[in-house]
Amino acid sequence: SEPFTPRFERAACPKRVAGIPELANARCGYLVVPENRSNDNGRTIRLPVAIIPSVIQPPLPDPVFHLAGGPGGDAIGDAEFLVPAGLNKNRDLIIMAQRGTLDTEPELTCPEIDQFNARSVGLRYDADSTKQLHLAATKACHDRLVRAGIDLSVYNTTENAADFVDLRKVLGIQQWNIYALSYGTDLALTLMREHPEGIRSVIIDSVVPPSVASLGWTWSSVHEAFTNLFAACEDQPACRSTYPDLEDTFARLV
């Protein structure tokens, strides 16, 4: 069979974010791409796109593409801080929700885990019984998605990167600038390595390097930050006398 040709379909902005003032002048639509590029099973996915026009007209020809964090962040909703930050000052700003996230089709959200999170407020923190409930909620979500025919193996950074390349091509853009935040920096670095064609510039903000396995490193980073804080207090007589045994007190209260 012929390989699927990605396409862009004009459509209204997702209802959930339609009222955001920063999207008032946006041109929205969906990128339609194969779910699995290496195994054409005929399934396609639809990824919402918002094109926010440049304040200065006409815009410079190389737009800014935003790569959201998370993984799983609300890309389209990020317009609320991207526009005030001036990312569309003299270039169009293009935002696309990454596969599986909010407003995509399919949307791989997990109400089972949301329900666990609400319940966990009244559960013992870090207890094995709480962990088992969390695992059960995660498995329930996973199993439901698999039963629905979702190929979970292709909701990953490699395919995310290919989606953005397809978006650049179907919009007829020769050169692009990439602004990437948090997990988006991992995605941007992947694009630089795998798809360097047409990349004019890249800003990586709050870097998550591809060499690190997310998301466990966040805990070691937090531990390092708190340890530095406690050590700094211990080194200052005024702090040490005001907050004796700060580290032990913090651990006991948590």
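1. Start with helix α6, residues 217-235. It gives 3 residues to the nonpolar patch, the largest share from any element. Keep in mind that the model is predicted.

2. Now the patch itself. Its members are V222, F226, L229, F250 and V254. They lie on the surface. Together they have about 440 Å² of accessible area.

3. Stay with helix α6 for its rings. F226 and F230 both sit in this helix. They are 4 residues apart, which is about one turn of the helix. The model has 4 aromatic pairs by the rule used here. In one of them, the ring centres of F226 and F230 are 6.1 Å apart and the planes meet at 20°, so the pair counts as stacked. The cut-off behind that word is an angle under 30 degrees. Two values are needed because a pair of aromatic rings is described by the distance of the centres and the angle of the planes.

4. Helix α6 returns in the second largest pocket. Which residues line this pocket? They are Y125, W219, V222, H223, F250 and V254. Helix α6 supplies 3 residues, the largest share of the lining. The pocket has a volume of about 200 Å³. Its lining has 5 nonpolar residues, 1 polar residue and no charged ones. Compare the names with point 2. V222, F250 and V254 belong to the nonpolar patch, and V222, F250 and V254 also line this pocket.

5. Next, the largest pocket. Its volume is about 630 Å³. How many residues line it? The lining has 23 residues. P71, G72, G100, L108 and Y155 lie nearest the centre of the pocket. Two elements give two or more residues to this lining: α3 (128-147) and α4 (157-170). The largest share, 4 residues, comes from α3.

6. Last, the charged contacts. The count comes to 15 salt bridges. One of them joins the side chains of D166 and R37, at 2.8 Å from N to O. Where do the two partners sit? D166 is in helix α4. R37 is in the loop between β2 (27-34) and β3 (44-52). The two residues are 129 residues apart, and the pair links distant parts of the chain. Helix α4 also gives residues to the lining of the largest pocket.

Definitions and conventions
Residues numbered from 1 in each chain as written. Predicted model: local features only at pLDDT ≥ 70, side-chain atom pairs only at ≥ 80, totals over all residues. Heavy atoms only, no water. Patch = residues over 30% accessible without salt bridge, like charges linked within 9 Å, V, L, I, M, F, W, Y side chains within 5 Å. Areas by Shrake-Rupley, 256 points an atom, 1.4 Å probe, with all protein chains shown as cover. Salt bridge = Lys/Arg side-chain N within 4 Å of Asp/Glu carboxyl O. 1 Å grid on protein atoms, 1.4 Å probe; cavity = no way out; pocket = protein on both sides within 12 Å on 5 of 7 lines; lining within 4 Å. Points joined across faces, edges and corners; volume = space filled by probe spheres on them. Nonpolar A, V, L, I, M, F, W, Y, C, P; charged D, E, K, R; others polar. Phe/Tyr/Trp six-rings, centres within 6.5 Å; stacked < 30°, edge-to-face > 60°.
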